[in-house]
Every structure is written in structure tokens, then in C-alpha cells.
Amino acid sequence: MFTKRIIPCLDVKEGKVVKGINFVGLKEVGDPVALAKQYYEQGADEIVFLDISATNEGRKTMADVAKRVAKEIFIPFTIGGGIQSIEDIQTLLRSGADKVSLNSAAIKNPQLIKEGAKIFGSQCIVSAIDAKKRADGSGWNVYINGGRKDTGIDLIEWVKEVTALGAGEILLTSMDADGTRNGFDLEMLHAVNAIIDVPLIASGGCGTIEHIAQVLESDAADAALAASIFHYGDHSVKEVKEYLKEKGIPVRMEVDE
């Protein structure tokens, strides 16, 4: 079994980390650089920053955040949200980000994944997908615009397409589980993991340390992404990893200097 990754997620609006449920009732929870450094020192394997301003000004803000973060942490970090072009990708990678995540823009222009992978390498291109179970229970549809718009696209078909185009990783968020803190959507994760040969990051629904153990122990995903349990001090990354180690789940314990 490969080493599993723990990935704190920071939602950034106008240069500050915020937290809410489905982008409602947002509260500032800290400075992105300070929080990233804190999680790095606790042993995070990677960090994901999501720009939820998603405007031109947000793009400049995130480039500045990337430059500042790159000076403080020495693990990979991803930036996503509102990336529309190869130029946006280039700006963020040059500013210090290791990867970019593409969501709505990739639905509107799938060639962005192909071009990005060709120019910068598949390892730099993360396909972020928000999905929700169809009312008839027959599968899941892909949503865009922060989960507000149903594209009508089948999740499994879209996953096959983005990996064929060159996405090097999938960041999959369950809209059914998101914000509930009732656990990851294991059914959906298993369905996707069964058809891909790139790493899968589980997102949406993490409320306890046991939820992280459950999703990784079941091999539903290669990595677990979480926000609230870290931001609100429920657990540190170090505590999560110590718990996982006790459960026999392989994790990286030491912080690389």
C-alpha cells in the first residue's frame, strides 16, 4: 500500500482564509501563509488553496499568496479557483505553486487540461470535480460554478475524459457530503477510483479523525482533504497522522527539512 497523504484545504477570499458551508456564512479564520506554515510544520503532505473570489483581482492576490507561501513551506501546494487560461496557469506556477486545479474552466474548455499537461506536465494539472448523486440514484452529475450549476455531465464519463486529456490527479468533492461533517462519500469515491490510474483526493464530508481513517483504510482514495477539523483546532495534522499510523495506515511522519 502506498503512503497516504493528508491535505489541509484553505479557502481564500481577498487574501484571507475563510470557512463556511457551501460558501455561505463565511468567517475569516486566518492568514493563508501563517496557516500553511502551521500545517507544514505539523506534517501536512500537501496543501490546497482555493481562490473563492475567482476574479482578476483574485488571480493577482493568489499569485502573491503563492510567492509568500513558497518561501515558508517545502511541500507541494496547489492553487485552484477561477483559472481560465494557460497564462493563468503559468502565472501561478511561476509564482511558486506546484500544481493548479481546474474545475469550471475545464468543463467549458476541456482543451485547457490537454494544453496545460502538454506545456507544464500532467503532474501540474489537477482536475477538481464537484459531483452530486442524481435523484434516481443511477449515478452522479458534475456541477460547476461553486456547485450551483448542474452540467448534466455524468461523473464517470467526465473522469474518463479528463484523465485521457492528461490530468495527473483528481480532486473529487461530494456535494452530498460537503458541509455535513458526516464522513466522505465512499460509494462515489470507490466508483471513480476503480476506473482511474492517477491519484484520487477525497473531499467533502470530513468531520472527525475517524472519517479520514475510514476513507484511506478502505482504499477509496489516495489522499484525504479536510478543512474544518484543522482550522477550528479539532485536531492537528500530526494527531491525525499518529492516529492513522496506529491503525496501520501508511503515512509520512517526519517533516522534511
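Helix axes are here lines fitted to C-alpha atoms over the stretch in contact, and the angles between them run from 0 to 180 degrees between N-to-C directions. The model is predicted, with local features needing pLDDT of at least 70 and side-chain atom pairs counting only at pLDDT 80 or more, while totals for chains, interfaces and linings use all residues. Residues are numbered from 1 along each chain as its sequence is written, and side-chain values use heavy atoms, leaving out hydrogens and water.

With those axes in hand, helix α8 (residues 209-217) packs against helix α10 (residues 237-246) at an angle of about 50°, the axes being 10 Å apart.

K4 lies in the segment before β1 (5-13) and counts as buried because its relative accessibility is 4%, the limit being under 20% relative accessible area with a 1.4 Å probe and protein chains only. A polar atom of the K4 side chain lies 3.0 Å from the backbone oxygen of A221.

In helix α1 (residues 32-42), the buried residues are P32, V33, L35, A36, Y39 and Y40. Seen down the axis of α1, these buried residues fall within an arc of 165°, so they line one face of the helix. At the start of α1, a side-chain oxygen of D31 comes within 3.1 Å of the backbone nitrogen of V33, and after the helix comes G43, with a positive phi near 110°.

How values were computed. Buried means under 20% relative accessible area, exposed over 50%, partly exposed in between (1.4 Å probe, protein chains only). Helices (H or I, at least four residues) and strands (E, at least two) are DSSP runs, numbered from the N terminus. The arc is that of the directions from the helix axis to the C-beta atoms. A polar contact is a pair of N or O atoms within 3.5 Å; within protein, one must be able to donate a hydrogen and the other to accept it, and residues adjacent in sequence count only if both atoms are side-chain atoms.
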